[in-house]
Amino acid sequence: MDANVSPNQTKPQPETNQPEPQTETNQPENVEFMAYIRACGDGQIGVDEVEWVEIPSSRADELNITLDDAPSGFSVYNPEVFVKNYPLAAACKIQVLDWHDSYVPIEISAEQLAAVLTERGEMNDVIPYEFVMKNGEVTEITEHYVP
């Protein structure tokens with residue numbers, strides 16, 4: 001036993017920066033994030049979370065991103081690739097931009113999304129999507145317009 005802890009006292013635990021595990025009782029109603037899609041199929045989606053940074057902004061200053069780095073006024077910040085896999089909700093709403101019709105938004109199925117990703121190939125590495133999750137499942141996917 002530790003000499004600094006009495007028998008009726010517990011030893012203090014060091015603080016960690018680990019997030020509290022999400023349970024049904026403490027999970028937020030909706031979780032929103034932006035990510036690149038790295039894989040899609042069999043009711044799952046593999047995503048690599050990114051951050052959309054407006055320039056100029058205090059966040060851009062923190063990251064040392066200037067208008068010289070991103071003259072279009074934004075940067076998609078992704079310091080490292082880290083893919084997480086999530087289940088797609090059965091009624092997941094998926095909206096992409098129709099590249100063949102003036103980037104009009106269209107709703108498609110998960111199977112159609114897989115086909116779109118295959119068609120776009122390496123372009124998927126620079127197309128961010130907005131995601132909404134509820135109860136651990138992806139419920140919405142929306143392609144983010146990149147000027």
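Aspartate 125 is partly exposed, with a relative accessible area of 42%; the classes used here are buried (under 20% relative accessible area), exposed (over 50%) and partly exposed in between, with a 1.4 Å probe and protein chains only. The model is predicted, so local features need pLDDT of at least 70 and side-chain atom pairs count only at pLDDT 80 or more, while totals for chains, interfaces and linings use all residues. Residues are numbered from 1 along each chain as its sequence is written, and side-chain values use heavy atoms, with hydrogens and water left out. Helices (H or I, at least four residues) and strands (E, at least two) are DSSP runs numbered from the N terminus.

**Salt bridges**

- The structure holds seven salt bridges, a salt bridge being a side-chain nitrogen of Lys or Arg within 4 Å of a carboxyl oxygen of Asp or Glu.
- Side chains of opposite charge can pair when their charged atoms come close.
- One of the bridges joins aspartate 125 to arginine 38, at 2.9 Å from N to O. Aspartate 125 lies in the loop between helix 2 (110-120) and strand 6 (128-134) and arginine 38 in strand 1, so this pair ties together parts that are 87 residues apart in sequence.
- Arginine 38 also forms a salt bridge with aspartate 48, where the closest N and O atoms are 3.0 Å apart. Because arginine 38 belongs to strand 1 (residues 31-41) and aspartate 48 to strand 2 (residues 44-54), this pair ties together parts that are ten residues apart in sequence.
- Within it, arginine 38 is partly exposed at 29% relative accessibility, whereas aspartate 48 is buried at 1%.
- A further bridge connects arginine 120 with glutamate 143, with the closest N and O atoms 2.9 Å apart. Arginine 120 lies in helix 2 and glutamate 143 in strand 7, so the pair ties together parts that are 23 residues apart in sequence.
- Both arginine 120 and glutamate 143 are buried.

**Aromatic rings**

- A search of the whole structure finds five aromatic pairs. Rings of Phe, Tyr and Trp (its six-membered ring) pair if their centres lie within 6.5 Å; planes under 30 degrees apart count as stacked, over 60 as edge-to-face and the rest as tilted.
- Tryptophan 99 and tyrosine 103 form a tilted pair, with 6.5 Å from centre to centre and 55 degrees between the planes. Tryptophan 99 is partly exposed at 30% relative accessibility, and tyrosine 103 is partly exposed at 42%.
- Tyrosine 103 and tyrosine 145 form an edge-to-face pair, with 6.1 Å from centre to centre and 70 degrees between the planes. This pair links distant parts of the chain, 42 residues apart: tyrosine 103 is in the loop between strand 4 (83-98) and strand 5 (104-108), and tyrosine 145 is in the segment after strand 7 (137-143).
- Tyrosine 145 is partly exposed, with a relative accessible area of 48%.
- Phe33, Tyr86 and Phe131 form one aromatic cluster.
- The charged end of arginine 120 sits over the ring of tryptophan 99, 3.9 Å from its centre. A charge sits over a ring if NZ of Lys or CZ of Arg is within 6 Å of the ring centre and within 35 degrees of the ring normal.

**Nonpolar surface**

- Trp99, Tyr103, Met123, Val126 and Tyr145 make a nonpolar surface patch of about 500 Å².
- Patches are made of residues with over 30% relative accessible area and no salt bridge; like charges are joined within 9 Å, and nonpolar side chains (Val, Leu, Ile, Met, Phe, Trp, Tyr) within 5 Å.
- Accessible areas come from the Shrake-Rupley method with a 1.4 Å probe, and for residues only the protein chains shown count as cover.

**Cysteines**

- A search of the whole structure finds zero disulfides, a disulfide being a pair of cysteine sulfur atoms within 2.5 Å.
- The sulfur of cysteine 92 is 8.8 Å from the closest cysteine sulfur, in cysteine 40, which is too far for a bond.
- Cysteine 40 is partly exposed at 22% relative accessibility, whereas cysteine 92 is buried at 15%.

**Backbone features**

- A cis peptide bond, with omega about 0 degrees, joins isoleucine 55 and proline 56. Proline 56 is found in the loop between strand 2 and helix 1 (58-63).
- Tyrosine 103 is not a glycine, yet its phi is positive, near 60 degrees.
- Asparagine 135 likewise has a positive phi of about 55 degrees although it is not a glycine. Asparagine 135 is placed in the loop between strand 6 and strand 7 and is exposed at 59% relative accessibility.
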